[in-house]
Amino acid sequence: MFGKLLKYDFRSMLKQFAFIWPAALVLAVINRFTLNGLDSSSAVGETTAGITMLVYVAILVAMFAVTMIFVIQRFFKGLLGDEGYLMHTLPVRPWELIGSKLLCAVATTLLSIVVAICSILFIVPWDGVNWGEVFGGLRYVLSHWNSHATHAFFFLLEFLLFLCVGTAQSYLHLYLSMAIGHLFNKNRVAMSVVAYIAINAIISALLSFLGAAGFRFGFFDIINNTEFFTSRPEAVIHATSLTAILSISLVGAVYFAGTEYILRKKLNLE
């Protein structure tokens, strides 16, 4: 059943972004050619290039705005609104409903980022020399692979994991805030905003307390004075990255558990 939920959510995503993603890529290709008009003295060419670039930027801004609106609406209307009457009668558990919305939200965000990056690469005037340099650099790295390249590869993986986990945690923060706001009979949107601010303040205060405790008890001094870490600075970077990922994951798990509890025990669709 969880697979069917994912299929339903991803189908809604594709319908929502079936126009805006291709539009961003098409406008990027158009800008690739119209920007050549800036090199000439033609006022028409410069005007055309300026207009197409303005439309392209507007599409990118709209794409990420629509992404955020889509994520919020899919959860608020799908689980807390009119659609919630149907969704909560399905033979699935609340965590499956939340997980489906979350995976779709993260995938939507990452795909929007990929589309934005690809569109920018389309605008960049790649020529034969550029591609030759790119492939030459790749061949050089692969043929001279060493420990530094290995660490760089894992740094990239850690960054991508951090991006995914951080995006998921941000959306779970929104989910929990909306779930708390829905506990009230009136002004649910306003109470969701208040809940979001309150949760953010509590988590910030908790992290500040833990950081201050770490300095007070000399945790960071122990790391700085450890021969392993001082002799291998890349180990410090990996440890820091993994610690950040773990911390964000734990906070996200708390958000997830809180949202699941409200949907399972305190849900009020009236």
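Tutor: Read along the sequence, the pattern is α-α-α-α-α-α-α-α-α-α-α. That makes 11 helices and zero strands in the chain. The model is a predicted one. The chain has 270 residues, and 34% of them count as buried.

Now to the salt bridges. A search of the whole structure finds four. One of them joins the side chains of D9 and R74, with N to O at 3.0 Å. This pair links distant parts of the chain, since D9 lies in helix α1 and R74 in helix α3 (residues 43-80), 65 residues apart. Both D9 and R74 are buried.

A second case is E96 with R93, where the closest N and O atoms are 3.8 Å apart. The cut-off for a salt bridge is 4 Å, so this pair still counts. E96 has a relative accessibility of 10% and therefore counts as buried, because the word applies under 20%.

E260 and R264 form another salt bridge, with the closest N and O atoms 2.8 Å apart. Both belong to helix α11 (residues 233-265), and because they are four residues apart there, about one helical turn separates them. Their surroundings can be read from the accessible areas. E260 is buried, with a relative accessible area of 13%, whereas R264 is partly exposed at 43%. Salt bridges that share partners also join D9, R74 and K101 into one network.

Helix α1 (residues 2-17) also holds K15. K15 gathers with K4, K7 and R11 in a patch of positive charge on the surface. With a relative accessible area of 66%, K15 is exposed, because that word applies over 50%.

Notes
Residues are numbered from 1 along each chain as its sequence is written. This is a predicted model: local features need pLDDT of at least 70, side-chain atom pairs count only at pLDDT 80 or more; totals for chains, interfaces and linings use all residues. Side-chain values use heavy atoms; hydrogens and water are left out. Patches are made of residues with over 30% relative accessible area and no salt bridge: like charges are joined within 9 Å, nonpolar side chains (Val, Leu, Ile, Met, Phe, Trp, Tyr) within 5 Å. Accessible areas come from the Shrake-Rupley method with a 1.4 Å probe; for residues, only the protein chains shown count as cover. Lys and Arg count as positive and Asp and Glu as negative; His and the chain ends are not counted. The place of a charge is taken as NZ of Lys, CZ of Arg, CG of Asp or CD of Glu. Helices (H or I, at least four residues) and strands (E, at least two) are DSSP runs, numbered from the N terminus. Buried means under 20% relative accessible area, exposed over 50%, partly exposed in between (1.4 Å probe, protein chains only).
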